[in-house]
Amino acid sequence: MTARRSKRNPRGAGLVLLAAGLLGMAGTLVPLMGYSVRAASGDSMTPGYAQGDAVFFEEAGPDDVRRGDIVLFRAPAPVGQETMKRVVGVGGDSVACCDSGERVTVNGKPLREPYLRDGDAVGGAPPYDVKVPDGQVFLLGDNRMDSLDSRFFEGGGTVPVAAVKGRADDTAVPVLLVAGVVVSGVALPAGAGLALAGWVAGRRRARAAGQFPGRPGAPPTAPARPTGTR
């Protein structure tokens with residue numbers, strides 16, 4: 001019964017698809033309102049991010065920042081502008097460089113860093129051993145040879161968590177965008193086509209039933225005069 005009715009009246013199915021397309025678009029745009037996009041301004045995060053790459057950042061509060069996160073933040077001097085780096089230590093951590101294997105350690109344990117450029121954890125910087133104060137973070141670039149980060153920041157090197165603007169997100173944003181494009185790109189045109197076809201079919205049925213006699217806009221035809229003698 002339902003399938004037979006859908007074939008006779010595609011307008012209803014079209015309206016459903018239009019609604020699905022609009023919901024898909026809204027479902028994509030609303031979550032993305034919590035994101036911003038920035039272009040990588042240098043090569044300090046290569047090989048993961050090269051200069052000019054578009055990076056999506058999710059808004060993050062102080063409680064959202066974790067070790068390993070790539071964050072957008074307002075850097076102190078000598079940088080003095082928004083940049084992106086990786087969180088290596090949070091409040092209470094001891095970050096040092098380097099152990100006998102030339103690895104950064106956090107709380108005395110070697111840090112596994114598969115993201116490093118050329119596997120270089122030192123980057124030619126002098127040794128350091130930093131105790132990260134509460135409410136602060138210690139940040140390093142993935143390309144240690146070409147990164148102005150906590151090893152060189154003024155004021156002790158650490159950065160207030162409040163300076164963090166967002167966390168890089170390489171998974172949720174592409175999924176949302178693809179889902180939104182697929183749902184909206186298929187449902188909206190298909191729904192519009194079915195709704196239009198249903199409207200045209202409805203007009204034709206109404207005309208065949210005599211609800212719209214004559215051509216559209218034509219005055220009603222005068223009744224024929226009866227023939228015969230009086």
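## A walk through the sheet and its aromatic pairs

Let's start with the open sheet: 7 strands in the order E1-E2-E11-E3-E4-E9-E10, with antiparallel pairing. At its edges sit strand E1 (35-39) and E10, each of which pairs on one side only. Strands here pair if DSSP finds at least two bridges between them, and the elements themselves are DSSP runs numbered from the N terminus, helices being H or I with at least four residues and strands E with at least two. Keep in mind that this is a predicted model, where local features need pLDDT of at least 70 and side-chain atom pairs count only at pLDDT 80 or more, while totals for chains, interfaces and linings use all residues. Residues are numbered from 1 along each chain as its sequence is written, and side-chain values use heavy atoms, with hydrogens and water left out.

Stepping back to the whole chain, you have 3 helices and 11 strands. From the N terminus on, they run α-α-β-β-β-β-β-β-β-β-β-β-β-α. Of the 230 residues, 34% are buried; buried means under 20% relative accessible area, exposed means over 50%, and partly exposed is in between, using a 1.4 Å probe and protein chains only.

Now zoom in on E3. With 4 of its 5 residues buried, E3 is largely enclosed by the rest of the structure. On one hand, E3 pairs with strand E4 (residues 82-90) in the antiparallel sense over 5 bridges, and Ile-70 has Arg-86 as its bridge partner in E4. On the other hand, E3 pairs with strand E11 (residues 164-168), also in the antiparallel sense, over 3 bridges. There, Phe-73 stands opposite Val-164 in E11.

A pair of aromatic rings is described by the distance of the centres and the angle of the planes. Rings of Phe, Tyr and Trp (its six-membered ring) pair if their centres lie within 6.5 Å; planes under 30 degrees apart count as stacked, over 60 as edge-to-face and the rest as tilted. By this rule the model has 2 aromatic pairs. In one, the ring centres of Phe-73 and Phe-153 are 6.2 Å apart and the planes make an angle of 65°, so this pair is edge-to-face. It links distant parts of the chain, 80 residues apart: Phe-73 is in strand E3 (residues 70-74), and Phe-153 is in the loop between strand E9 (136-140) and strand E10 (159-160). Phe-73 is buried at 0% relative accessible area, and Phe-153 counts as buried too, at 6%.

The pair of Tyr-128 and Phe-138 has ring centres 5.6 Å apart and planes at 35°, so it is tilted. Tyr-128 lies in strand E8 (residues 128-131) and Phe-138 in E9, so parts that are 10 residues apart in sequence are tied together. Tyr-128 is buried at a relative accessible area of 13%, and Phe-138 is buried at 1%.

The call requires NZ of Lys or CZ of Arg within 6 Å of the ring centre and within 35 degrees of the ring normal. Arg-86 lies over the face of Tyr-115, at 3.6 Å from the ring centre.

Next, the E9 and E10 end of the sheet. These two strands run antiparallel and are joined by 2 bridges, with Gln-136 partnered by Pro-160 in E10. In the loop between E9 and E10 you'll also find Gly-155, which is exposed at a relative accessible area of 77%. Gly-155 and Pro-76 are 79 residues apart in sequence and 8.2 Å apart in space, C-alpha to C-alpha. Further on, Ala-162 sits in the loop between E10 and E11 and is exposed, at 64%. Ala-162 and Pro-62 are 100 residues apart in sequence, with 6.1 Å between them in space, C-alpha to C-alpha.
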